[in-house]
Every structure is written in structure tokens, then in C-alpha cells.
Amino acid sequence: MSSKSIHKSEYVVLLRHLRALRTQAGLTQVDLSAVLKRPQSYVSDVERGSRRMDLLQLQEFCSACGQSLTDFVAEFEKELKSAKKAGARAKFS
């Protein structure tokens with residue numbers, strides 16, 4: 001039986017990528033929450049992994065940070081591949 005996605009190492013990469021997206025856009029959590037018309041705690045909960053987003057919410061998050069969903073996913077997948085390669089190297093080093 002597989003574990004929930006929030007317990008997978010890939011989810012940590014996703015959370016790191018979401019936070020980087022926001023900070024690279026020059027937005028604080030308060031700034032982003034204002035654009036999203038949500039409380040600051042929503043952004044904090046998303047970035048900490050205690051709140052999951054559906055696809056539409058992810059698209060909204062990306063758009064508010066000035067990036068398309070497709071670009072976000074492409075960069076996320078690239079980062080995942082790098083993380084997996086680094087992990088494989090660490091296992092065999």
C-alpha cells in the first residue's frame with residue numbers, strides 16, 4: 001500500500017518549489033494572500049504542507065506569482081529529476 005503523497009520526498013520538493021515561486025516573484029505571504037483574497041495563514045499552510053491545493057488553486061497560486069501552470073509543472077519536474085539523481089548519487093557514494 002503506498003503512502004499518502006504528503007509523506008513522499010517529492011512533496012517536499014513541491015513545497016520548496018511553491019515557496020521559491022513566491023519569493024522569486026518578490027511577494028511576501030501577506031502580498032500573495034492579498035492577491036488570492038485569502039488569509040495569510042492559507043499561504044503559510046500551503047507552503048508548510050498542512051493544506052493541499054487542487055489543480056485550480058495551484059493555477060491561481062502560479063498566476064498570482066506571474067507564472068503559468070505549465071511552466072511551473074515543467075520546472076517542478078526538472079527539479080524532481082535533479083533531486084532523484086542527487087539521491088541516487090548519495091546512495092552509491
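Of the 19 residues in the largest nonpolar core, which touch the most other members?

**View 1. The largest nonpolar core of the predicted model.** Leu-18, Leu-32, Phe-61 and Phe-72 touch the most other members of this 19-residue core. Two or more residues are given to the core by each of helix 1, helix 2 (29–36), helix 3, helix 4 (55–64) and helix 5 (69–92). Helix 1 supplies the largest share, six residues. In soluble globular proteins, nonpolar side chains tend to be buried together.

**View 2. Surroundings of Leu-32.** Leaving aside residues up to four places away in sequence, Leu-32 touches Arg-22, Leu-27, Val-43, Phe-61, Ala-64 and Cys-65. Among these partners, Phe-61 is also one of the core residues that touch the most other members.

**View 3. Contact of helix 1 with helix 3.** The axes of helix 1 (residues 9–24) and helix 3 (residues 40–48) come within 8 Å and cross at roughly 140 degrees, which means that helix 1 is oblique to helix 3. Helix 1 contributes Leu-15, Leu-18, Arg-19 and Arg-22 to the contact, and helix 3 contributes Val-43, Val-46, Glu-47 and Arg-48. By class, the contact has four nonpolar, four charged and no polar residues.

View 4. Gln-40 counts as partly exposed because its relative accessibility is 33%. The C-alpha atoms of Gln-40 and Gln-29 are 5.9 Å apart in space, although the two residues are 11 residues apart in sequence.

Technical notes: Residues are numbered from 1 along each chain as its sequence is written. This is a predicted model: local features need pLDDT of at least 70, side-chain atom pairs count only at pLDDT 80 or more; totals for chains, interfaces and linings use all residues. Side-chain values use heavy atoms; hydrogens and water are left out. Axes are lines fitted to C-alpha atoms, for helices over the stretch in contact, and angles run from 0 to 180 degrees between N-to-C directions. Helices (H or I, at least four residues) and strands (E, at least two) are DSSP runs, numbered from the N terminus. Angles under 35 degrees count as roughly parallel, over 145 as roughly antiparallel, 65 to 115 as roughly perpendicular and the rest as oblique. Contact means heavy atoms within 4.5 Å. Ala, Val, Leu, Ile, Met, Phe, Trp, Tyr, Cys and Pro count as nonpolar, Asp, Glu, Lys and Arg as charged, and the others, Gly among them, as polar. Buried means under 20% relative accessible area, exposed over 50%, partly exposed in between (1.4 Å probe, protein chains only). A nonpolar core is a set of buried Ala, Val, Leu, Ile, Met, Phe, Trp, Tyr and Cys residues joined through side-chain atoms within 4.5 Å.
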